[in-house]
Amino acid sequence: MAEYVVEMRDIVKDFPGLRANDHITLQLKKGEVHALLGENGAGKSTLMSILFGLYRADEGQILVKGKEVQITNPNVANELGIGMVHQHFKLVHNFTVTENIVLGLEPRRGVTMDLKSAAARIAELSRQYGLEVDPNAKIEEISVGMQQRVEILKMLYRDAEVLIFDEPTAVLTPMEIRELIAIMKNLISEGKSIILITHKLKEIKEVADRCTIIRRGRHIATVDVAATSEQEMAEMMVGHEISFVIDKEEKTPGDPVLQIEDLSVKNSHGSLGLRDFSLTVRGGAIVGIAGVDGNGQSELVEAITGLRRAEKGKILLNGEEITHETIARRIRRGVSHIPEDRQKRGLVLDYTVEENMVLEVYGQRPFSKHGLLNKRAIHDYAARIADDYDVRAGEGVLSRAGSLSGGNQQKAIIGREIEKQPVLLIAVQPTRGLDVGSIEYIHKRIVEQRNLGRAVLLVSLELDEVLQLSDRIVAINAGQVIGEVLAKDTDENEVGLMMAGVGKDGGGVER
Amino acid sequence: MKKILATVLAICIGMSMLAGCGSQQGSETPSAPADSAAQSEAPAEQPADKPALKVGMVCNAKTIDDKSFNQATWAGITRAAEDFGIETKYLIAADQSAAGFLQEIANLYDAGFRMIITPGYTFSKAIFDAQKIYPDCKFVILDSAPQDDGAEAPEIAANTAAIDYAAQESGFVAGFACALQLKEGEFGALFGQEIPPTKLFKTGFQQGVIYANENFGTNIKMKEENFVWSGSFSDAALGQQITAQLFNSGCNLVYCACGTTALGGFNEAKARAEKGEEVWVVGCDVDQYEDGLLEDGRSVTLTSTMKNLANSTYDMIKAELDGEFVGGQQIIFDAKNGGVGIPETNPNLSDEVQKEADAVLEKIKTGEIVVSAEPTDVSAYN
Amino acid sequence: MKILVSVISILLGFVAGALLMLSSGANPLTGFSYLFQGGLKSVTRICNTIAYAVPLMLTGLSVTFAFKTGLFNIGAPGQMLIGGLLANVLALTAGLPRPLLLPLVIAASIVGGMVWAAVPGFLKARFNVNEVVSCIMMNWVAYWVVYIVISDHFKSTTIDTESQVIPAAASLKTEAITLLTKGSNLNLGIFIAIIATALVIFILNRTVLGYEMKAVGFNRFAAEYGGINVQKNAVLAMVISGALSGLAGLTFYCGYLSNMRIGVMPSQGFDGIAVALLANCAPVGVVFAAIFFAILQTGKGFMNAMMPIPPEIADTIIATVIYFAATSKLIEMNLDRIKKFFGRKRPSKSEGSGEHVEHH
């Protein structure tokens, strides 16, 4: 019996202009949770895609239970007992759980499908591993956490011995995360082995036995999790020291930059998503909007940037009303916006990085003159941003934006928005889905803007982030201001209560 | 990447080499054309032993079985092929314009065809050009004559026979026969685009009905607005729609003379007849009795206004083979020489009516009845 | 890489066509040899092929341009008709000398195409009406407008279904080219097509306008975010696309032909879609794809005349080739698999799309 159920030795994988994996070794023991830790773009997904048969390695060997194998496609991986729970679920929404699980290996009885016995087996597996999934529920009717369990069941149904979890907690609520960790422990106790791809150190600490850390395609170390601190792992991941504390100098807020008065905005369903909302953001201050998702944050931001029409109320920038101006005019006035969805709003994924860097300023000199683009100026400008903001891509600024990792896409956007020398910087979920190294970097940049005297409006669903960065915190609930506090005078509990709709001082707002 | 490109290239080269071989084989076969005969170059001199005649045809529609002009012409050609063992071929122009037709004529010529038959007025410009470019090739243009764009009169070269039909005469006989058979009711018509041959059919048909009303006491009404120009020869759905409107407005007979569009009219009549309505249609160009067949074996086709394209085509081929081809002039096919008329047998016409119709045809032949080619005023028969 | 996709599509088309020929008892190699001979075997035939390709190039460009901004201009036939109609009407009525008349005729065709395309563009921008539906409707409006205008005012004296022939002064045909190419249909249209191609490339790659349009086409949300007026761009893109189709009408009705026929929807308008697809929406590719289509169309008749197969089969063969050629998107999607097929014998080092690094 071999020591390892899966062993990847000296894996090398090249993409044009980029070595994604440079002699990486990963050894998975039977019955362990093995974490794979690395920044975005470090090569985690590539390595796992090789194990799952989506890519083929240029060099190196893969051994399963001590025997060398050629994994040419995902079917081979399945046959070898390797299953993958993808970050984005691959489920048919109007099918039942059972139908989704048997998809591809439908049990037959004559010419009809035998779903009954399949459902029985799924129910049995579900009980065995404590998954509590109803085999007859429709996917569209169950929660995201349940959908993930269906993905897990899919693997178990196919008798997978090794399960790869790709960023499994990114889409889950804290409660669901706790349940998932319990499920993983069940799986291990039933003899399965798990590879956990993540960059969340807390979870690694909680569930993993060992951890392999890779950085920029290279194998850095494989450590025993119990004997290694979060700080140590984080530093191995990013390659330098990390400070979790943000260095924020004391600063007296300046004149009001953004003033919002009694603003009402309709949401996409046609009802008022934001009601009589008032807010002031001063120069040299970060105002954080804290709230549960869908309580009017998007409507607020889109009304300020001009993406959505204001039904009522006023928006003033430096004292001048911009309520009904075009988006382009607002951009020219100095409104910068780091959008919530970087792939939908923030970037034209089919454009190159350099083309994206002038998305809002292409019409201004020196980037264009008399309607003609100045490619040289665009290139130089973009190259400088990429350089200053450490945007890494295979072919530099000529890479397609869609080919960049999420962290690099976000850095590019932040660079672009800050380089415009904004009067007002609106940052929405600026670190969503990013790793520790990137988060630290982005936070520093945002605070830097505040220190330069610019007004910053921060909208985030991560309470930690709001608390850490903001000078003032405004809690939003059901499209209304529910309370406003100074960050240094408050804590998680107070803001958490406000987010849930319990106003401070009966909901009064001080300006 | 390089390897794939190399593979693709290898396949390309391989294919082109094989294709090259193929073309060599092709040019060795006796039927192949003189190699470099481009459409404007002077054709090579005819060798002493004249090769067997190859007769080609270019269609003016997208299909050969249009139950009309193209089909009838092709029928004449195939009959000649059976009788004389000549090689034949028809081509469908990719682009139905003078330039497109000329291209197909060039294709036939380059493939060794020395007699080319074209049905219909759309070929007048193409044949006008072709008769000059290919003086050693015989051209037959049916129901029209070669004419330059914007020219006042046709110009028929010695190698071209232009065949014209006195369509108004067959229209007259049909209109007369229908009026006599039905005695009462109202007639309408479904036409395509407003072209001279159809206009002749129309006026002849109306004159025939009037002749019956005045001399045989029939009571057939006609309204000018019920003689509809649909604008299309190829839109069966449109034809069906217009025919339905005509029947709904009180017509009991619709004269359908517009190629594929007419088939829509036939379908409407058949659908109504199956439900027990008494409605009739009249076909055009060829005997369209078969197109009107119902499930029980009856037909809604009362009769058809025919141009005997098959016969004319056959005659021209025979003449060429016998060395008696007459070019350079308009050849008129009318009642006298059996070029136009109605079918010999019309199961839906009573023997009596058939007899009277034959008598009328005879009178046209002798000149006792003269059918005018000018438009007819039907306002007296509303 | 994109070229590879198109080449594979074409080869697959020929393979499918070859199977059809085999099944009707003909030798495919001989057949395809005749096909290319028919399109290319003499100066005249080559020039006729190019002349046939010119309107296709312009409609292909038209469709490509609209595609780039995320719009599907299926209205090229109608835009061709109106562009051609305005050009013809002006040519027949203006009575000016050639140096004045020709530029005016060209301008008229551009205006015609623009106006006809502006309507769906406006409806799309203002009321979010699907441009495919409105384009198809505009095609039929154009069809009947041409029908009525020509049959009421410009009917030929000889053929009732055609318009009067335009004076030589207004035609793109020149005696010099006609003589030089031994009587082919080639005309000044080829220069118009080349200039148009260059202009389209310039607009798309070098101008602010092109930058905005492509941004809207790729991701209208990001374009909106960047301050680009998405609605204005939809109208503008359709207008430029329409201008190109209008020019296609000019080269067809005042160059390849010398008049218009009523009751005919120009097939070049629809073929432009296939040309654009085969070219993968690359403007230079459109030029070559159009020539390829033209070879098929002009060579078909000769192949047919030389082979013992009926024209219906020949049409089916050509349609099959076109069908496969236009499914290049499918080929692109399966490119990896195709590459594996070709590279199976030796494990290749250079697999992988090269684009996917890591998404989170």
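Of the 2 pairs of chains that touch, the pair with the most contacts is chains B and C; two residues are in contact here if their C-beta atoms, placed from the backbone, lie within 7 Å. Chains A and B share no contact, and their closest C-alpha atoms are 12 Å apart.

Some conventions before I continue. This is a predicted model, in which local features need a pLDDT of at least 70 and side-chain atom pairs count only at pLDDT 80 or more, while totals for chains, interfaces and linings use all residues. Residues are numbered from 1 along each chain as its sequence is written, and chains are lettered from A and ligands numbered from 1 in the order in which they are written.

Let me turn to the interface of chain A with chain C. On the chain A side 41 residues take part, meeting 23 residues of chain C. At least two residues each come from β2 (18-29), α1 (44-51), α10 (327-333), α11 (342-346) and β20 (372-373) of chain A. Helices (H or I, at least four residues) and strands (E, at least two) are DSSP runs, numbered from the N terminus. By class, this side of chain A has 18 nonpolar, 14 polar and 9 charged residues. In this scheme Ala, Val, Leu, Ile, Met, Phe, Trp, Tyr, Cys and Pro count as nonpolar, Asp, Glu, Lys and Arg as charged, and the others, Gly among them, as polar.

Chain A itself is assigned domain 1 (4-238), domain 2 (246-334 + 422-511) and domain 3 (349-420); such bounds come from an automatic or database domain assignment. The C-alpha centres of domains 1 and 2 of chain A are 38 Å apart. As for confidence, the average pLDDT of chain A is 87, with 94% of its residues scoring at least 70; pLDDT is the predictor's confidence in each residue, from 0 to 100. Over residues 506-511 of chain A, pLDDT stays under 50, and the model has 7 contacts beyond four places in sequence for them. Where pLDDT is low, the predicted coordinates should not be read in detail.

Next, the backbone. Most residues other than glycine have a negative phi, and most peptide bonds are trans. In chain A, a cis peptide bond with omega of about 5° joins A:R365 and A:P366, and A:P366 is in the loop between α12 (353-357) and β19 (368-369). A:D276, in strand β14 (residues 272-282) of chain A, has a positive phi of about 40°. In chain B, B:K183 has a positive phi near 65° and sits in the loop between α5 (167-182) and β6 (184-191).

Chain B is assigned domain 1 (54-165) and domain 2 (167-306 + 341-381). Their contact takes 10 residues from domain 1 of chain B and 11 residues from domain 2 of chain B. On the domain 1 side, helix α2 (residues 69-84) of chain B gives the most, with 3 residues.

Finally, helix α5 (residues 98-127) of chain C has 30 residues and should span 44 Å, which agrees with the 43 Å between its end C-alpha atoms; the expected span is 1.5 Å times one less than the number of residues. A kink of about 25° lies at C:A118, shortly before the proline C:P120, the bend being the angle between axes fitted to the seven residues ending there and the seven starting there. After α5(C) comes C:N128, with a positive phi near 55°.
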